[in-house]
Amino acid sequence: MNQHTELFIGGKWRPAGDSARITVLDPATGQQLATVASATVGDGLDAVDAAAEALPGWAATAPRGRAELLQAVYGLMKERAEELAELIVAENGKALPDARAEISYAAEFFRWYAEEAVRVAGSVQTAPGGSNRIIVLRQPIGVSVLVTPWNFPAAMATRKVGPALAAGCTVVLKPAHETPLTALMLASLLAEAGAPAGVVNVLTTDHASEMVGVALDDARVRKLSFTGSTEVGRRIAAGAAGTIKRVTLELGGKSANVVFADADLEKAAAAAPYAVFDNAGQDCCARSRILVEQSAYDRFAELLVDATRGVRVGDPEDDATEMGPLISAAHRETVSSFVEGEPLFRGDVPDGKGYW
């Protein structure tokens with residue numbers, strides 16, 4: 001596939017206003033994969049301009065027309081699923097089987113919302129006084145800014161873009177700077193499927209807070225969807241008050257497995273490593289704690305160590321690999337800081353470079 005590395009604004013690929021670039025690294029090797037444009041605040045305003053200009057036409061597009069676009073993108077994603085999975089492996093470090101699963105999952109959002117686009121229902125009811133009818137019509141809220149994380153670079157984008165387009169909104173997608181290539185490829189597929197200019201805009205940037213600030217301050221932006229840290233989410237919720245924007249926040253979690261003594265300990269221990277280490281643990285619902293009833297602790301811990309030893313860590317391009325590297329050197333340091341005391345079991349780090 002033809003990999004674009006520039007900004008996608010108003011249906012055109014263009015460099016950043018100051019020609020700045022973001023270096024994209026392969027987490028498995030630490031090697032440079034590509035550089036992509038790093039949008040400025042001016043570029044952000046241009047993207048909102050393009051989305052606002054395209055909004056009336058896209059909102060007026062028949063639901064069937066919006067559905068057909070989403071169905072076409074779904075078809076392109078299924079057709080090129082292996083190439084998209086390999087792209088995720090390269091920039092995210094996700095094991096290839098997991099990357100394939102993500103592409104399948106991500107594509108389904110376009111299919112689902114293609115079907116939902118024609119079911120945007122309103123309602124008619126009799127007024128309490130009986131002399132009038134109350135009619136409720138659902139309309140697109142408007143320009144929507146969508147901020148996505150690096151842990152699921154395809155699925156987190158399609159789950160936001162799909163419903164926005166189905167409802168008749170135009171979007172500005174701001175992917176994480178660690179994994180911009182997947183979002184740019186999705187923009188390419190949407191353009192190939194026939195998305196009108198300005199309906200979908202993609203800004204890759206190293207200036208995330210400034211970009212979000214532009215979105216919060218601009219009254220034309222009516223919706224902001226953010227997936228990321230709780231700390232940033234709080235700031236966005238507060239900033240949205242100024243222009244009374246709708247916000248959707250998917251923030252951090254603190255998930256636990258709870259194991260009681262009367263549980264099937266073998267089954268619980270076998271399932272626990274997947275719950276903890278799927279996607280190398282880089283998941284907002286990944287288990288950060290396992291709470292075990294005291295009388296079952298020793299046996300469960302023994303079983304858990306055996307099950308964890310079975311997790312296959314290695315080259316993410318290998319079909320047999322179950323766990324690849326972490327996303328970055330900084331994230332590796334953060335994760336390492338969580339380990340206190342003497343672990344029951346510590347895995348081996350693969351030889352060579354990369355964020356293992």
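S19 is exposed, with a relative accessible area of 57%, which is over the 50% cut-off. In this predicted model, S19 sits in the loop that runs between β2 (12-14) and β3 (21-25). Its phi is near 60°, a positive value, and S19 is not a glycine. Most residues other than glycine have a negative phi.

A280 also has a positive phi, of about 55°, without being a glycine. A280 is found in the loop between α9 (265-277) and β13 (287-292). Is A280 buried or exposed? A280 counts as buried because its relative accessibility is 13%, and the limit for buried is under 20%.

## The nonpolar cores

In soluble globular proteins, nonpolar side chains tend to be buried together. The largest nonpolar core here has 53 residues, and the members that touch the most others are M77, L165 and V202. Which residues does M77 contact, apart from its neighbours within four places in sequence? They are L84, I103, A106, A107, F110, T158, L186 and L189. There is also a second, separate core, made of 23 residues, with A39, A47, V143 and F226 among them.

## Helix α7 and its cover

Helix α7 spans residues 208-217, and its buried residues are M211, V212, V214, A215 and L216. An α-helix has 3.6 residues a turn, so residues three or four places apart point the same way.

Key. Residues numbered from 1 in each chain as written. Predicted model: local features only at pLDDT ≥ 70, side-chain atom pairs only at ≥ 80, totals over all residues. Heavy atoms only, no water. Core = buried A, V, L, I, M, F, W, Y, C linked by side-chain atoms within 4.5 Å. Buried < 20%, exposed > 50% of the residue type's maximum accessible area, 1.4 Å probe, protein only. Contact = heavy atoms within 4.5 Å. Helix = DSSP H or I, 4+ residues; strand = E, 2+ residues; numbered from the N terminus.
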